Amino acid sequence: MQELWKVLKPGDEDWGVAESIDPARLPEHIAIIMDGNGRWARERRLPRVAGHRAGVDPVKMCAETCSNLGIKALTLYAFSVENWKRPAFEVDMLWRLLRLYLRSELDTMMRHEIQLQAVGRVDALPEAARDQLEAVIAATSRNRGMRLNLAINYGGRAEITNAVNRVIDEARLEGRLGQLRVDEAAIARNLYTAGLPDPDLLIRTSGEMRISNFLLWQIAYAELYVTNRYWPDFNRTELLRAILEYQRRDRRFGGLSAAPEPRFAEAGEELIEEIPVPVR
Ligand code: FPP
């Protein structure tokens, strides 16, 4: 988190929020559903693509801030497998913005030691966007700082299906298909995010209470944070607020809270007899 203090200014709103964050309990992996570009543009009587263009700055801000905080991984949902249904002009503009972003941010990624990866079926991208993406992935592959995953042509169900098929193919190749039992570890090993911790915090902008086929496997125990702000308005203060809210949550992973319940903590079997059972 020390790097963040170098760019914050005392007295600014985000300085105040940052002061409340416990550097020892930061999320290891943050995932973000960037939503609301279209509505942001409509409210300003601008074309939808103006919203996407305005959405590039928060992408840069999140990458830099998370890197400065010392977050291990950041995964951004940039284009879903369903987004091809949008008008060709809009889809084309998204690829152009991606190229522009990659070109302009390579220096920053190198300076911050950020390692870029794509998650999704990138082979279906237009050649120019794919080439640029692959070039930046290669250029940053030796960086040892934060992992930045851009989810592009990504779908959670497709990813899981893909992983299962890879497990089956591997077993077939090794001649053990007949005895194959697929377990959770085998699926996790074959996801795009293999080797990374699962997201601890999933942020969604623009108020929608949906997961939208994003990281379905990996978010099993993620804390959800939904803000009404549209993505182009998602600033550093908002990101820090989401992290602060995450730190206020009581994560139980299906178990119990660390603090014992006062009345039942010492109770034995006799208490079970006392619990009233409703008669139907
Ligand atoms: C959702 O808003 C956003 C997208 C489908 C695209 C996200 C793209 C960017 C943030 C810009 C460029 C990204 C990179 C990585 C350089 P929406 O269009 O669905 O908004 P709406 O729900 O208000 O219509």
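Trainee: How many bridges join β1 to strand β5?

Mentor: This is a predicted model, and in it β1 and β5, the latter spanning residues 201-204, run parallel. Within this pairing Ile30 stands opposite Leu201 of β5. The number of bridges that join β1 to β5 is 4.

Trainee: In β2, which residue is the bridge partner of Ile32?

Mentor: Strand β2 covers residues 73-80, and β1 pairs with it in the parallel sense over 5 bridges. Among the residues of β2, the bridge partner of Ile32 is Leu76.

Trainee: Why is β1 largely enclosed by the rest of the structure?

Mentor: In a regular strand the side chains alternate between the two faces of the sheet. In β1, His29, Ala31 and Ile33 point one way while Ile30 and Ile32 point the other, and all of them are buried. Strand β1, residues 29-33, is largely enclosed because the number of its residues that are buried is 5 of the 5.

Trainee: Which are the edge strands of the open sheet?

Mentor: The open sheet is formed by 6 strands with parallel pairing, in the order β3-β4-β2-β1-β5-β6. Each edge strand pairs on one side only, and these strands are β3 (115-119) and β6 (223-226).

Trainee: By how many degrees are neighbouring strands of this sheet turned against each other on average?

Mentor: The average ignores direction and is taken over neighbouring strands of the sheet, where it comes to 20°.

Trainee: In β4, which residue is the bridge partner of Ala118?

Mentor: Strand β3 is joined by 5 bridges to β4, which spans residues 147-154, and the two run parallel. Within β4, the bridge partner of Ala118 is Leu150.

Trainee: Leaving aside neighbours within four places in sequence, which residues is Leu74 in contact with?

Mentor: Once those sequence neighbours are set aside, the contacts of Leu74 are Ile30, Cys62, Ala63, Cys66, Met146 and Leu148.

Trainee: Which helix gives the most residues to the shell around the ligand?

Mentor: The ligand is surrounded by 19 residues, the closest being Asn37, Gly38, Arg39, Gly55 and Tyr101, and by class the shell has 10 nonpolar, 7 polar and 2 charged residues. At least two residues of the shell are supplied by each of α3 (37-43), α5 (56-69) and α6 (88-111). The most, 4 residues, is given by α6.

Notes. Residues are numbered from 1 along each chain as its sequence is written. This is a predicted model: local features need pLDDT of at least 70, side-chain atom pairs count only at pLDDT 80 or more; totals for chains, interfaces and linings use all residues. A residue is buried if 20 or more other C-beta atoms lie within 10 Å of its own, exposed if 12 or fewer, and partly exposed in between; C-beta atoms are placed from the backbone. Two strands pair if DSSP finds at least two bridges between them. Two residues are in contact if their C-beta atoms, placed from the backbone, lie within 7 Å. A residue is near a molecule or strand if its C-beta atom, placed from the backbone, lies within 6 Å of it. Ala, Val, Leu, Ile, Met, Phe, Trp, Tyr, Cys and Pro count as nonpolar, Asp, Glu, Lys and Arg as charged, and the others, Gly among them, as polar. Axes are lines fitted to C-alpha atoms, for helices over the stretch in contact, and angles run from 0 to 180 degrees between N-to-C directions.
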